[in-house]
Amino acid sequence: MARLNINGRVVEITVEDDTPLLWAIREQVGLTGTKYGCGVAQCGACTVHVDGVATRSCSMPVSAFNETQKIVTIEGLSPNGDHPLQKAWVALDVPQCGYCQSGMIMAAAALLTANPKPSDADIRGEITNICRCGTYNRVQAAIKQAAGGNQANG
Amino acid sequence: MNQIASLPRRGFLQVSAALGAFTLGIRVPDAAAQGAAPAATPEVNAWVVVKPDDSIIIRIARSEMGQGTLTGLAQLVAEELNADWSKVSTEYPTPGQNLARNRAWGNMSTGGSRGIRESHEYVRKGGAAARMMLVEAAAQGWGVPAGECRAANSTITHAPSGRTTTYGKVAEAAAKLTPPTDVPLRAPRDWTIAGKPLPRLDTAEKTNGKQIYGADLVLPGMLNAAIRDCPVFGGKVASFDAAKIAGMPGVKKVVQVGETAVAVVADTWWRAKTALDALPITWDNGPNAQVSSASIAEVLKAGLEAPEAAVGNRAGDAKAAIAGAAKRVEATYGYPFQNHATMEPMNATARWTPERCEVWTPTQNGEAALAAASEAAGLPPAKCEVYKIHLGGGFGRRGAVHDWVRQAVEIAKQMPGTPVKLLWSREEDMIHGRYHPITQAKLTGALDAQGNLTGLAMRISGQSIVAGIFPQNIRDGRDPVVFQGLSPGGEEGAFGYAVPNLLIDHAMRNPHVPPGFWRGVNLNQNAVYVECFMDELAHAAGKDPLEFRRALLKNSPKHLAVLNAVAERGGWGTPAPAGRARGLAQIMGFGSYVAACAEVSVNPAGELTIHKITAATDPGHAVNPQQIAAQVEGSFVYGLSAALYGECTVANGRIEQENFDTYPVMRMAEMPAVEAILMPSGGFWGGVGEPTIAVAAPAVLNAIFAATGKRVRQLPLKHADLRRA
């Protein structure tokens, strides 16, 4: 049994304590926007926010959470898919297959919360998610665009 | 939105509704939910459905896996349809429908960068024929000659009377007309929808979590399966102790899958995987249990000197030219096994009854998936169906071989009537790939006293993908696909260099590790071999690598044009920024001409930075320039990941790398700036998803040589010591 605060609602789920948060989100809560990629916190496809911090949910057991911690998934990032990052993503046609993009956007959103005007170096240092299609350059450009332009270089 | 054709709609809606009170993101892949009823709208033809509200569904036979073919093919149909692009959506016809309709949608295979280059004509004719029928229907309704009517932007106008109508209003009448037989096509120079850098049709749902991939699929009553196949290729299950895990949470059944695998079926996938991890399994590792990377390398090395080899390209007498050379240059290169490592691991959902088998899966080839399902189900194809789901990456892994579909059906067969979703763990995916083939190549060049290349011999030794997957296509021991980029001619890769005495041959050596078509296929290693060796020859001849290539490409204007473009834009011949050096590469493959100029630096610790790659592509006709640019950028991530890190090694007959911690790939911090130069010269149709991969590695390797004087001949680069000697 676990009580999770996901996207602003508290949900009670029946699950073994050692179940990774990722699988509780996908299989018990039914939100599949958060993806399984590696299961060992390498790829970042499972990235969600825990109290605003980007967290790789595949490697955190549900027992580490209670209802006071605010978990946000891609489905809860914005009411209508209109977070500045989501808008920039659409404007620049960032995704290819798209499988890693939920995690990319969540990692980027946490970055912008912590650092609203990241430099290129900040972005390249902080976004370590894997994309096999190769969207990195458009991801970087979209983060810059969402952050309000290209003034913060370097 | 791409609809998942023929999902059991009501069931899916029930699932969605049950979760809807809480969830924000479960998608309803169902036009019926929005008040329309696609089944009630007759198609104008196989490619086009127009609804009364003027919305247009364009049917796409190829699979979308990120490469943008869904949008590009829709542009080609919409172009000839004179459609209002803002009203266009797409759907996949099913492989079963294709079979039942005498392959009305042609080939569904999506690989070899063939989606657009092999179907452009018939999809455009589909759009044009539909337009002609819509116009004819409007004209008949007005009682005027069709020749007096014009269609634009989904609206038909009868100019003499000023009357107008829309496609949606005449679609039902158009559907009853006899299709035209003479269907002229618009010249690409007149395109208004095709050829434009339009946004993709499938972007929004990939930014909000709503896009459903195979791994996300939920069907009513569905169970989940995790599987373990014998880690040694050629081995099988000796025994397993199902009783040990029978009481674990959620476990429903433990099943053997064929001779080689065991699966646990549970209510959730995590519980299935947890139980599988606890399941005692004993393997019979079979005849390959002693094979290692070292033993495979020895076999390939012997092939470099073997007397027997299949010839791919021959001119003059290379041996004599080499024997009489003023200067002889020789080098041996090697390229390892690599896993596709799609972000979404292999998966399929299957439901089997004695009467029918249905499979939902991300596949690059729905018809091949159907064939695999049919065979595993023990039912004729007409009693089976495959529903294609968007792919979380394909890169060739999800095309020719559908091992995971067979497994899913074999599991479902043991639980009749219950849908079962099989999802591979990353570890299963890594050790049961269909790997980039392993090869070595020995190249010998003959230079005359003036430094001209008078002879070239290239012996490839190693694995044949075709022998592994389509052995019936091997003729007289020869696999033509091995010679991509090296052939005397043909659109799959013509060797551009005019070498008077040339011999390129292949000694086939097939290890037990199964090969597969891996994005870029054989062009990848062939480009490394040829383009790095060309660089070696240029330096041995004391010539500039660009000028050396130019002289040899004098009869290959398209090869030369892309090379010249990257040299000019990449700054070749001008000083590089301090500490940086440049390298060039060019090749032709998948119907297109490509070249790259890489700019790198290597610090005193031997650490490589790839600063920039300038890439040129001539694909003949360009259907969506901004998506071609995306493919070029993306191809470099794939190609550079391979060059820097990509390697699967073999110990005790099995692949050693099980996850991204031991199979690293490129991340954003390493990504160079990419300038993609698109130079469509017209007159032919080339692919864009793969060709530029091939020039990434050799351009970087040649730049590394320019920076360090070190020639890396064995990939991946992670093993090379790049500190200056």
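Trainee: What order do the four strands of the open sheet in chain B come in?
Mentor: In this predicted model, the order is S23-S24-S25-S28 in chain B, and the pairing within that open sheet is mixed.

Trainee: Which strands stand at the edges?
Mentor: Those are strand S23, residues 580-589, and strand S28, residues 673-678, both of chain B; each has a single partner strand, so one side of each is left without a neighbour in the sheet. As for how the strands lie, neighbouring ones are turned by 15 degrees against each other on average, with direction ignored.

Trainee: And how many bridges join S25 to S28 in chain B?
Mentor: Strand S25(B), which covers residues 608-618, is joined to S28(B) by six bridges, and the two run parallel. If you want a place to look, find Thr617(B), which stands opposite Leu678(B) in S28(B).

Trainee: Switching to helices, at what angle do H2 and H4 of chain B pack?
Mentor: Helix H2(B), residues 69-81, and helix H4(B), residues 120-142, pack at an angle of about 35 degrees, and their axes are 7 Å apart. The crossing of H2(B) and H4(B) is right-handed.

Trainee: Which residues meet there?
Mentor: From H2(B) they include Leu73(B), Leu76(B) and Val77(B), while those on the H4(B) side include Val123(B), Gly126(B), Gly127(B) and Ala130(B). Taken together, the residues of this contact between H2(B) and H4(B) divide into eight nonpolar, three polar and four charged.

Trainee: What about H14 in chain B, which of its residues are buried?
Mentor: In helix H14(B), residues 545-552, the buried ones are Pro545(B), Leu546(B), Phe548(B), Arg549(B) and Leu552(B). Seen down the axis of H14(B), these buried residues fall within an arc of 165 degrees, so they line one face of the helix.

Trainee: Last topic, how many residues does each chain bring to the contact between A and B?
Mentor: Chain A gives 52 residues and chain B gives 52 residues. On the side of chain A that touches chain B, the elements giving two or more residues include strand S2 (9-13), helix H1 (21-29) and helix H3 (101-114) of chain A, and the largest share, five residues, comes from H5(A).

Trainee: How do the residues on that side of chain A divide?
Mentor: They divide into 22 nonpolar, 22 polar and eight charged.

Key. Residues are numbered from 1 along each chain as its sequence is written. Chains are lettered from A and ligands numbered from 1 in the order in which they are written. This is a predicted model: local features need pLDDT of at least 70, side-chain atom pairs count only at pLDDT 80 or more; totals for chains, interfaces and linings use all residues. Two strands pair if DSSP finds at least two bridges between them. Axes are lines fitted to C-alpha atoms, for helices over the stretch in contact, and angles run from 0 to 180 degrees between N-to-C directions. A crossing is left-handed if the near helix is turned anticlockwise from the far one by less than a right angle, and right-handed if clockwise. Two residues are in contact if their C-beta atoms, placed from the backbone, lie within 7 Å. Ala, Val, Leu, Ile, Met, Phe, Trp, Tyr, Cys and Pro count as nonpolar, Asp, Glu, Lys and Arg as charged, and the others, Gly among them, as polar. A residue is buried if 20 or more other C-beta atoms lie within 10 Å of its own, exposed if 12 or fewer, and partly exposed in between; C-beta atoms are placed from the backbone. The arc is that of the directions from the helix axis to the C-beta atoms.
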